[in-house]
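Please open the structure in your viewer and keep a selection tool at hand. The tour below goes from one stop to the next, saying what to select and what is there.

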Amino acid sequence: MAYIGVFLAVFFDNTFRLFAPDSMWMQEAPPSVMLVTSIYIGFRAGNTRQLGFAVLLGVLADCFSVSPIGNFAFLYGATAYLALRIRRYVPSDALTSHVVASLFCGIMYAFLGLLIVSVRLGGAGGGGLSRALVQAVMSASLAPFVFGIWDRTRFFRGALRSRGYEFA
Amino acid sequence: MRRFRRIDRYLLVLAVLFVIAVLNPRNLPGEEVLPTVYRQLIHKPLLAQAAGATHREAIDLVKLRAELARSQHQVAELKDQLGKARQLAGLTAKSTARRRPRPIDGWIYAVETNPYRVGFRIDVGQAVGVRSGMPVVVGSALMGTVTSVDKHGATVRRIDDPTMRMEVKVLSEEGALAGIAVGAGDREMEIRLVRKTGRVRPGDKVFTMMGHAIMPGDLFVGEVSSVEDFNEDGVLEIRVTPAVSLSSWAEVTVLDTGRK
């Protein structure tokens with residue numbers, strides 16, 4: 001079931017990008033279902049092996065990307081790992097906690113992306129960082145819905161064996 | 001202790017992925033499956049909706065379009081071989097006339113996910129003659145260039161991508177000024193290195209330069225939106241707004257000039 005969840009996240013994310021409203025930020029930095037799903041996987045994973053779903057999500061995201069293979073596999077894998085490490089500091093499973101934690105992970109994701117682009121191309125021009133940060137904010141606002149959907153549809157329940165907060 | 005060992009192993013995996021992301025120049029070989037998936041799931045219903053056709057008719061339409069593109073590619077290749085054979089036989093001198101570029105229609109099936117890059121993927125590839133470097137247009141306006149090609153799909157870098165560099169000319173009232181356009185992100189391009197020999201005004205038209213084998217000249221790039229000389233060194237910083245709305249097009253055309 002978790003594999004279906006991963007495929008659905010990729011499919012919805014890409015289809016949303018294709019048909020997103022023609023406004024500046026919805027086209028250039030739309031909220032990313034895949035980013036929030038990788039954070040969800042980090043929050044709900046019982047151990048680091050289960051973070052492999054985030055890496056799989058990243059490999060599929062690479063297929064829809066102009067960037068080379070490994071870019072999103074690394075970014076989503078690292079974001080999920082970060083979510084797994086910070087969740088012990090998140091006070092509760094409330095919606096605001098999801099938003100704040102997702103915002104933090106999203107900002108780290110933006111800077112990790114900048115790191116890759118800087119190493120590959122020697123810098124990121126064209127307002128890339130501002131777009132990535134706006135995307136982090138918009139994705140964080142999407143977090144309560146994505147967390148709620150994945151919790152209720154139970155796609156990841158069998159594969160991710162932790163509720164999240166007992167992991168130390 | 002075991003947990004730490006497992007975490008270290010995961011970090012090792014991340015380190016390997018980072019190295020791959022930094023060093024690997026190519027996209028996934030399995031990407032060519034996705035254009036077919038999107039053609040089946042998204043483009044056919046869209047076509048049917050647009051044409052007021054039934055789903056069955058839309059399927060036939062997509063098949064016919066694909067068949068037409070393959071046939072056009074074969075015809076172009078046969079013409080090329082015929083021309084070479086004629087040259088070998090000494091029947092004709094090498095033609096210097098400009099050939100009309102062959103259009104290859106394709107659909108955008110994925111928009112770039114990475115906020116640091118600007119581009120998209122289209123569902124036509126080597127099978128219908130798409131090659132790296134070819135221009136992608138909407139009407140007669142340039143939208144981007146093909147950067148890598150699979151059998152059934154291609155990656156396109158949009159003209160406002162920060163890594164985009166292309167020779168252009170600005171048509172002002174005092175004639176054409178040459179320069180190099182650089183992608184500035186956020187749906188804009190910037191032209192530098194245009195010497196202050198003529199006056200460029202907002203509203204002047206920008207076109208591609210002739211001379212590049214695979215890129216035809218005189219493709220409409222956009223309009224000058226602002227002209228500044230920030231450093232007062234005689235080098236103008238010209239901002240160009242692309243001619244096409246870069247995000248709202250689902251169908252684009254790849255131009256095959258027949259040259260390599």
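For sorting residues by class, Ala, Val, Leu, Ile, Met, Phe, Trp, Tyr, Cys and Pro count as nonpolar, Asp, Glu, Lys and Arg as charged, and the others, Gly among them, as polar. This is a predicted model, in which local features need pLDDT of at least 70 and side-chain atom pairs count only at pLDDT 80 or more, while totals for chains, interfaces and linings use all residues. Residues are numbered from 1 along each chain as its sequence is written, chains are lettered from A in the order in which they are written, and side-chain values use heavy atoms, with hydrogens and water left out.

Begin with the second largest pocket by selecting B:Arg65, B:Ala66, B:Ala69, B:Asp105 and B:Val124, which lie nearest its centre among the 20 residues of its lining. A pocket here is, on a 1 Å grid over the protein atoms alone, an open set of points where a 1.4 Å probe fits, with protein on both sides within 12 Å along at least five of seven lines, and lining residues have an atom within 4 Å of a point. The lining of this second largest pocket has ten nonpolar, four polar and six charged residues. Its largest share, seven residues, comes from helix 3 of chain B; helices (H or I, at least four residues) and strands (E, at least two) are DSSP runs, numbered from the N terminus.

Next, select residues 165-172 of chain B, which form strand 6, and residues 175-183, which form strand 7: the two pair in the antiparallel sense over eight bridges, where pairing requires that DSSP finds at least two bridges between strands. A hairpin joins strand 6 to strand 7 of chain B through two residues, and B:Met166 stands opposite B:Ala181 in strand 7.
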